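Colleague: Before using this model I would like to go through the terms attached to it. Please give the cut-off with each one.

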Amino acid sequence: MLSRSTLSLLQQAGESLYAAQQAMAQEVRSGAESVVDTVASLPFSAEADRAYAQLRTVARLSHELQAIEEQLRTAYQTAASLAQNDLQLLQALPLRRSPQISPGQQAQAEDAVVKPTPVKGVRASSKTKTQSSGVLKAQSLSSNDEKVLTYLERVLTRSAWSQMTQASIAEGAGIPKGSIAVAINRLKQMGRLTEGERGHYRLK
């Protein structure tokens with residue numbers, strides 16, 4: 001339904017917006033320190049009033065950017081789910097048979113899911129079905145998924161909920177913040193991760 005280029009553009013927009021929001025938050029912190037200094041030295045001056053008004057404006061802009069970031073994150077998650085549905089219908093390319101593969105093509109091959117082709121008239125044994133299921137499950141994980149799962153297995157348990165932000169998970173796993181929503185959704189779909197209330201996770 002959605003091409004990878006469109007999904008990539010949404011991801012880049014999210015990363016840029018996140019960087020802008022972080023920069024604006026830093027401006028708020030710096031502005032607050034400046035207002036404190038101004039009020040301390042000139043408590044009843046017009047300069048102090050002007051500095052406080054400017055700080056309120058910057059803080060409002062920071063809040064608006066944060067709200068836009070949340071909306072874009074939701075839109076990206078929806079777009080990623082559409083792209084993931086298409087990927088599940090693709091046959092992964094045999095990487096060893098391709099003499100020249102660009103990094104972008106390799107990432108596409110990693111994310112594609114291999115669907116075993118049934119043979120008419122032959123019923124697969126339970127052992128064969130189990131092995132095929134295991135291969136499918138393993139090949140469904142991209143490199144980002146593996147990094148996120150490895151990190152979460154260090155910090156989460158199966159018995160208790162832990163509250164974490166997606167930004168902190170992305171930082172701990174060492175992946176772009178724009179990619180964390182897709183990785184978390186995929187781990188939940190595969191039964192490796194459970195999410196309770198918003199931002200509460202545990203291993204499954």
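Colleague: What makes you say that the charged end of Arg202 sits over the ring of Trp161?

Modeller: The model is predicted: local features need pLDDT of at least 70, side-chain atom pairs count only at pLDDT 80 or more, and totals for chains, interfaces and linings use all residues. Residues are numbered from 1 along each chain as its sequence is written, and side-chain values use heavy atoms, with hydrogens and water left out. A charge sits over a ring if NZ of Lys or CZ of Arg is within 6 Å of the ring centre and within 35 degrees of the ring normal. The charged end of Arg202 is 4.7 Å from the centre of the Trp161 ring, and it is classed as sitting over that ring.

Colleague: Why is Glu69 called buried?

Modeller: Buried means under 20% relative accessible area, exposed over 50%, partly exposed in between (1.4 Å probe, protein chains only). Glu69 has 10%, so it is buried.

Colleague: Which residues is Glu69 in contact with, leaving aside its neighbours within four places in sequence?

Modeller: Contact means heavy atoms within 4.5 Å. On that basis Glu69 is in contact with Leu17, Tyr18 and Gln21.

Colleague: What are the buried residues of helix 6, and how do you know on which side they are?

Modeller: Helices are DSSP runs of H or I with at least four residues, strands runs of E with at least two, numbered from the N terminus. In helix 6 (residues 166–173) the buried ones are Gln166, Ile169, Ala170 and Ala173. They cover an arc of only 100° around the axis, so they are on the same side of helix 6; the arc is that of the directions from the helix axis to the C-beta atoms.
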